[in-house]
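Hi there,

Here is the structure I promised to pass on to you. My notes follow below it.

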Amino acid sequence: MTSYFDALETRGVDERAAALAEDLPQQIARAQALPGYASTLSGVSASEITGPDALKRLPVLRKSDLGAAQAEAPPFGGFATRPPSAFRYLFQSPGPLYEPGGDATDWWRMGRFLNACGIGPGDIVQNCFGYHLTPAGMIFENGARAVDAAILPAGTGQTELQARAAQDVGATAYAGTPDFLKVILEKADALDLTLSITKAAVSGGALFPSLREFYADRGIACLQCYATADLGNVAYESQAMEGLIVDEGVIVEIVTPGTGDPVPEGEVGEVVVTTLNPDYPLIRFATGDLSAVLPGQSPCGRTNMRIKGWMGRADQTTKIKGMFVRPEQVADFVARHPEIALARVVAGREGETDTMLVRVEAEGGDAAAFEASAAETLKLKGRVEIVAPGSLPRDGIVIEDTRSYD
């Protein structure tokens, strides 16, 4: 029988929407009081932002925006509701970007995922995420505390020591990247050590089916979550292993890359997340990752929206004829022409020369006019091909590079 972390996981649609209609306006109001949002949320009526349909009126916050704000107002760029000294932890991720951390119970909401993995009282979690500057180690440690599991703060590397420690302390669960557990297991085999790990909670990389099967053959149930340093846990797998269930503390939208416009359910787009964390209210934060909504409800009984998991990167910036073409430029081109439903830039090669083809879905239209508009917005001349509505794949790709680099 499934054991849920809390009652929030099994709420009905109406109950969840009612709670969001109360919590989201409060979060928007918190954000409006912060200098980081002074230029983007001013004039917004917080009381009217009660759900995802209303959120789409607001601008997207990109990681580059966050980095620029942090450079002007370190360390958090005016996006945190508390001063740096009031947080328990201060982290630095590559960029550099800085993230705050708290020690309140389940501050990053990782407990819900660990509970779905079956981790709880009586377990010893060998936490192999990094503890140096970056937050992943502390994120998972905070989650393990939320489910009353003991923690071996193992960090990364030192495989032989990891294997010996796993045996000596009787670690029953692993937290870390998907492939590092295999390295530990193989080292334990070489040293003739006996490990007791039967559960694995992984993130930070691709969990390939063959690797999951490898663990299953050794009696280890391995589940994955999608989390970021900025947001904490976004979505997580349950033992049903059908997509990732969106966490109860965030709102996920799937949008056309380079825009804030939601795509139809099932289509691939960029993951945009709004967190309800009152200490660090990120509103419509663009992750740069691609995914899609998975229709229906998980068989495990958890009722929140599901996504298909990580499906690539949304930043498809491509250099053509020595010039960068960005998804935002493609979105600007489409926005100029209401008759265009979708556009896809295709970078190619003829002889030793780059080519650019812009394929547009439209009911007719003037190709020459489209070409002039594309040249203006993309800063490059290229040929426009008009195709019938529904002809282009809904895979989230707006700039396709067909050139061979072999």
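**Around I307**

I307 touches Y226, A235, G243, L244, V246, V252, I254, S291, A292, V293 and L294, leaving aside residues up to four places away in sequence; contact means heavy atoms within 4.5 Å. Before going on, please keep in mind that this is a predicted model, in which local features need pLDDT of at least 70 and side-chain atom pairs count only at pLDDT 80 or more, while totals for chains, interfaces and linings use all residues. Residues are numbered from 1 along each chain as its sequence is written, and side-chain values use heavy atoms, with hydrogens and water left out.

I307 sits in strand β15 (residues 306-307); strands are DSSP runs of E, at least two residues, numbered from the N terminus. With a relative accessible area of 0%, I307 is buried, a label that means under 20% relative accessible area (1.4 Å probe, protein chains only).

**Around Q126**

Q126 belongs to strand β4 (residues 124-127). Q126 counts as buried because its relative accessibility is 1%. Its side chain makes a polar contact with the side chain of Q162 at 2.8 Å. Such a contact is a pair of N or O atoms within 3.5 Å; within protein, one must be able to donate a hydrogen and the other to accept it, and residues adjacent in sequence count only if both atoms are side-chain atoms. Q126 also touches, among others, L152, A154, Y174 and I184.

**Cores**

The largest nonpolar core has 63 residues, and Y37, F113, L114, I119, F140 and V252 touch the most other members. A nonpolar core is a set of buried Ala, Val, Leu, Ile, Met, Phe, Trp, Tyr and Cys residues joined through side-chain atoms within 4.5 Å. Apart from it lies another core, of 20 residues, including A163, F180, L193 and L195.

**Two domains**

The domain assignment, automatic or from a database, gives domain 1 (8-313) and domain 2 (318-401). Their contact takes 7 residues from domain 1 and 6 residues from domain 2. The C-alpha centres of the two domains lie 35 Å apart.

Which residues form the salt bridge with the closest N and O atoms 3.4 Å apart? They are R394 and E267, and the rule (a side-chain nitrogen of Lys or Arg within 4 Å of a carboxyl oxygen of Asp or Glu) finds 1 salt bridge across the interface of domain 1 and domain 2.

Best wishes

How values were computed: Helices (H or I, at least four residues) and strands (E, at least two) are DSSP runs, numbered from the N terminus. Buried means under 20% relative accessible area, exposed over 50%, partly exposed in between (1.4 Å probe, protein chains only).
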